[in-house]
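Please open the structure in your viewer and keep the selection tool at hand. The tour moves from the whole chain to single residues, one stop at a time.

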Amino acid sequence: MMKITLPLMYSLLLMNNNISTIIMFLSCMMITILLIFNPKHTIIISNTFMMDKFSMILILLTLTSILLIMFSSQNMKTISKTIIPIFIILMLTFSVMSMMLFYILFELVLIPTMILVMKSGKQPERLQASIYLMVYTITASLPLLVSIILLNYNQSFIMSFMTMNKLNMPILFMLAFLTKMPMFFMHLWLPKAHVEAPLEGSMILAAILLKLGGYGLMRFIPLCISKINKINHWIISISMIGATCTSLNCIRQKDLKSLIAYSSVAHMALVLLSMFTLNYIGLMGAVMMMIAHGLSSSALFLLTNDLYSKYHTRNISSFKGLINLSPNITFWWFMFMAISISAPPSINTISEIMIMSSIILWNMKSMLLIFIISIMTTSFSMMMYLNLSHNKNEMLPSNQSSMKLFTSLFIHMIPLILILFKMDLMIL
């Protein structure tokens, strides 16, 4: 049934360019999934598909993000030819059970993403950015393909857990996901892709595509659990240093979009180090941080695009006294800056507390570095907001932002606060 429905659905969506129809269809799909999603029955398994709670959380994040992208976009007729294939591939990736099928879909999502960056981007270096994206991710994922082939037969995730496969070379399985997250030293493709991509490309990269790495790690870490203690202290150390360095880099950034892209690297470093502590609090913190970062970072890119469309620059030093020109937009900058630095009451607060707890439980000596990372992430976010809103205004008044933008930002913020009151949905 699923094999017939998905191609039919895709052809109908492409034939009908009416955006309201697409948004209504996706809204109905999201409401249906929410209605059938019962935390007591956490695993749905068929011959091809597997949906546990972690898959369901990321599928709902994908649906929400695609809806918000469609709602926020000014250029949906041309963008839909790449956004809808990305959406369908991601939905399948988060729900397939076979390792080989997961790998194929994991790589397949790169093609529409590359087309989106290369064809729809407005910046002159978009071809270079899309080649960076392909070369980094494909080169890193070749060891994963070889490792899956070298297994005795094409196993599913469930069968691998049941037979308790012990993989002796965990880094071969994880290199693809570490690059996708991305881990420090493998992150150079991400700021490039974010800066050159259009608004929709930046939103989908920040909201969902970075989470593919976290999803893959969650699926493959149990298979490597016997050998992972030899490499986890290296990955945690690199992630800590990476989060500090990228936060320092954010302080000196002039380009607003580049600053938010580097802050994504710092947040994903926190997710990575909490995953590799291999304790329950760390895993819960990583999942919550992925959801929180997906929504807050997407909203920050939307705000940046609004400023760029008004003033045709992204240079932070050009924006001064924004609080006098447009107090509404300044309010939303303040809200998402506060959410980004994990101010309560948002899910970011709980996720950061859990991540800090997990890393301190892992090693008390890391307390100082995690404290420095927290101070750094706060400092560059506050510096960005102060530069935007204060000082003497030297810019001409511009048109007011549309109501559509404010509605989209409000929808971004609501889940970040409301999930706090229903934390049992996040417990895997």
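**Before you start**

This is a predicted model, in which local features need pLDDT of at least 70 and side-chain atom pairs count only at pLDDT 80 or more, while totals for chains, interfaces and linings use all residues. Residues are numbered from 1 along each chain as its sequence is written, and side-chain values use heavy atoms, with hydrogens and water left out.

**The whole chain**

Begin with a cartoon view, where you can look for 20 helices and two strands; helices (H or I, at least four residues) and strands (E, at least two) are DSSP runs, numbered from the N terminus. Of the 428 residues in the chain, 57% are buried, where buried means under 20% relative accessible area, exposed means over 50%, and partly exposed lies in between (1.4 Å probe, protein chains only). If you switch to a surface view, the chain exposes about 18100 Å², and carbon and sulfur atoms supply 71% of that area; accessible areas come from the Shrake-Rupley method with a 1.4 Å probe, and for residues only the protein chains shown count as cover. Among contacts (heavy atoms within 4.5 Å) with a separation of 6 or more, 82% are between residues 24 or more positions apart.

**The salt bridges**

How many salt bridges does the structure hold? There are three, a salt bridge being a side-chain nitrogen of Lys or Arg within 4 Å of a carboxyl oxygen of Asp or Glu.

Select Glu 125 and Lys 192, whose side chains meet in a salt bridge with an N to O distance of 2.8 Å. This pair links distant parts of the chain, 67 residues apart, with Glu 125 in the loop between α6 (110–120) and α7 (126–150) and Lys 192 in helix α10 (residues 189–196). Glu 125 is partly exposed, at a relative accessible area of 37%, and Lys 192 is also partly exposed, at 22%.

Next, select Asp 255 and Arg 314, which form a salt bridge with their closest N and O atoms 3.0 Å apart. These two residues again link distant parts of the chain, being 59 residues apart: Asp 255 lies in the loop between α13 (232–251) and α14 (256–275), and Arg 314 in the loop between α15 (280–311) and α16 (322–325). Asp 255 is partly exposed at 21% relative accessibility, whereas Arg 314 is buried at 11%.

Then move to Asp 306 and Lys 310, where the closest N and O atoms of the salt bridge are 3.4 Å apart. Because they are four residues apart in helix α15, about one helical turn separates them. Asp 306 is buried, with a relative accessible area of 8%, and Lys 310 is buried as well, at 17%.

**Backbone stops in the loops**

Select Met 181 and Pro 182, which are joined by a cis peptide bond with omega at about 0 degrees; Pro 182 sits in the loop between α9 (170–180) and α10. Phe 185 has its place in the loop between α9 and α10, and it has a positive phi of about 85 degrees although it is not a glycine. Is Phe 185 buried or exposed? At 59% relative accessibility, Phe 185 counts as exposed.

Leu 278, in the loop between α14 and α15, also has a positive phi, of about 60 degrees, without being a glycine, and Leu 278 is partly exposed at 29% relative accessibility.

Finish at Pro 344 and Pro 345, where the peptide bond is cis with omega near 0 degrees, and where Pro 345 belongs to the loop between α17 (327–340) and α18 (347–362).
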